[in-house]
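Please look over the structure below before reading on.

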Amino acid sequence: MDLYMDNKILIREFNEERDMKVVEKMERNCEIGSRKGLSIVTNMMGDPLCRIRLYPIRVMLVAELVGDGEIVGVVRGCMKWVGTGSGSTHVKMGCILGLRVSPKHRRMGIGLKLVKSIEGWAIRNGAHYIHLATEKNNVASINLFVLKCDYEILSSLAILVQPIDSHAKSPSQDVRIEKLSIDQAIALYKDRLAGKEFFPADIDTLLREKLSLGTWVSFFKDEEWGGNLHYKEKIEHFTRKTPSSWAMLSIWKAYEAYKLQIRGAHLFRCCYSTVSNVGAKVFPCFGLPSLGDIPNRPFGFVFLYGLHGEGEKQGELMKSLWWFACNLLRKVKDCKVIITELGMSDPLLGHIPQGTTSMSFIDDLWFLKRVNRSDENEDEWAKMQPLAHLFVDPREF
């Protein structure tokens with residue numbers, strides 16, 4: 001289906017059979033960044049939809065030159081229900097992902113046409129808001145979204161990247177760490193985070209997805225959790241009878257979906273289009289001497305999400321969970337990096353272990369635009385800044 005056409009550009013839906021190879025070639029040529037000979041390129045490895053494939057409502061659009069049919073740009077979009085931070089209120093959110101324009105065809109308005117086309121698709125699918133993310137230092141993207149497309153900066157986030165290596169510490173001996181059943185994890189997230197900003201209404205689907213390695217909680221050994229953590233029949237006791245301090249997180253097995261790769265003279269290659277966003281964010285990390293021992297072959301990473309804590313000592317408990325994850329994942333072949341993303345005002349941010357020289361701290365910006373004004377009360381959500389408890393969906397990272 002064609003969404004836009006003028007005398008130069010045609011915006012249409014991606015045709016997997018016809019467009020696969022040319023889109024892969026175009027995205028491979030979209031150099032995300034270069035510095036002293038270092039650069040990141042993409043290699044889709046046959047799945048350009050991987051970043052949106054887990055969403056029931058999704059689309060990928062391509063920009064094609066009228067006449068010769070050359071594909072010069074792509075963008076992906078999906079739809080989901082998310083929390084607003086106002087109690088149990090949820091809104092239908094359109095998400096823009098993976099906007100790319102061929103280097104030779106930039107500054108021609110192609111990016112703007114792709115954004116407007118994906119916005120139109122989201123509105124037709126009932127979106128109340130549309131959101132997207134970009135790096136804080138990406139001036140061109142910020143100008144496009146803010147000055148030309150009327151997006152507002154919703155919040156600033158920190159992306160934390162740390163290699164999984166032999167220097168990982170052991171969790172505190174005073175801390176007990178337990179893996180939750182999927183039903184327990186769903187119940188706990190819904191009980192504590194259902195009204196938080198961007199909390200996915202389909203948390204059940206997310207936690208049951210095969211890429212979800214599991215959810216863990218930590219608390220001190222001298223306390224109990226709900227009488228018996230493994231008594232699955234009484235979920236209500238589990239969510240209500242929590243220790244005085246506790247923390248939780250979930251792990252997304254990104255290493256089973258795509259990998260990073262170093263090629264030749266420090267050339268980093270992303271094996272799927274979905275990781276192009278990750279590549280741009282973690283790129284500064286791989287210039288650090290402490291990462292010089294990463295082998296010249298594909299290596300994977302994990303994404304920690306749903307980080308939450310309560311109580312006076314939640315920070316100490318989150319540190320133990322972090323080191324637990326590092327040690328757990330050292331056993332996974334070719335899994336070399338842990339990544340997580342938190343709001344800049346999230347109280348847990350200061351408790352993620354950052355004492356090692358290998359930790360990288362990168363700024364990201366989230367943008368929001370309201371496109372449906374059927375309920376004027378929803379305006380209050382967009383005014384809530386800064387947002388401390390953004391739930392970062394691992395499917396979009």
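Arg107 sits in the loop that joins β7 (90-101) to α2; helices (H or I, at least four residues) and strands (E, at least two) are DSSP runs, numbered from the N terminus. This is a predicted model, in which local features need pLDDT of at least 70 and side-chain atom pairs count only at pLDDT 80 or more, while totals for chains, interfaces and linings use all residues. Residues are numbered from 1 along each chain as its sequence is written, and side-chain values use heavy atoms, with hydrogens and water left out.

Most residues other than glycine have a negative phi. Arg107 is not a glycine, yet its phi is positive, about 65°. Phe198 also has a positive phi, near 65°, and is a residue other than glycine. Phe198 belongs to the loop between α4 and α5 (203-208). Are these two residues buried or exposed? Arg107 is exposed, with a relative accessible area of 90%, whereas Phe198 is buried, at 1%. Here buried means under 20% relative accessible area, exposed over 50%, and partly exposed in between, using a 1.4 Å probe and protein chains only.

Helix α2 (residues 110-124) packs against helix α3 (residues 139-148) at an angle of about 55°, with the axes 11 Å apart. The axes are lines fitted to C-alpha atoms, for helices over the stretch in contact, and angles run from 0 to 180 degrees between N-to-C directions. That angle makes α2 oblique to α3, since angles under 35 degrees count as roughly parallel, over 145 as roughly antiparallel, 65 to 115 as roughly perpendicular and the rest as oblique. On the α2 side, the contact (heavy atoms within 4.5 Å) is made by Gly111, Leu112, Val115 and Lys116, and on the α3 side by Leu144, Phe145 and Lys148.

Now the chain as a whole. The protein chain has nine helices and 17 strands, and 56% of its 397 residues count as buried. The largest nonpolar core has 53 residues, and Leu188, Tyr189, Ile339 and Phe391 have the most contacts inside it. Such a core is a set of buried Ala, Val, Leu, Ile, Met, Phe, Trp, Tyr and Cys residues joined through side-chain atoms within 4.5 Å. Helix α4 (residues 182-193) supplies the largest share of this core, five residues. A second, separate core has 28 residues, including Ile164 and Trp216.
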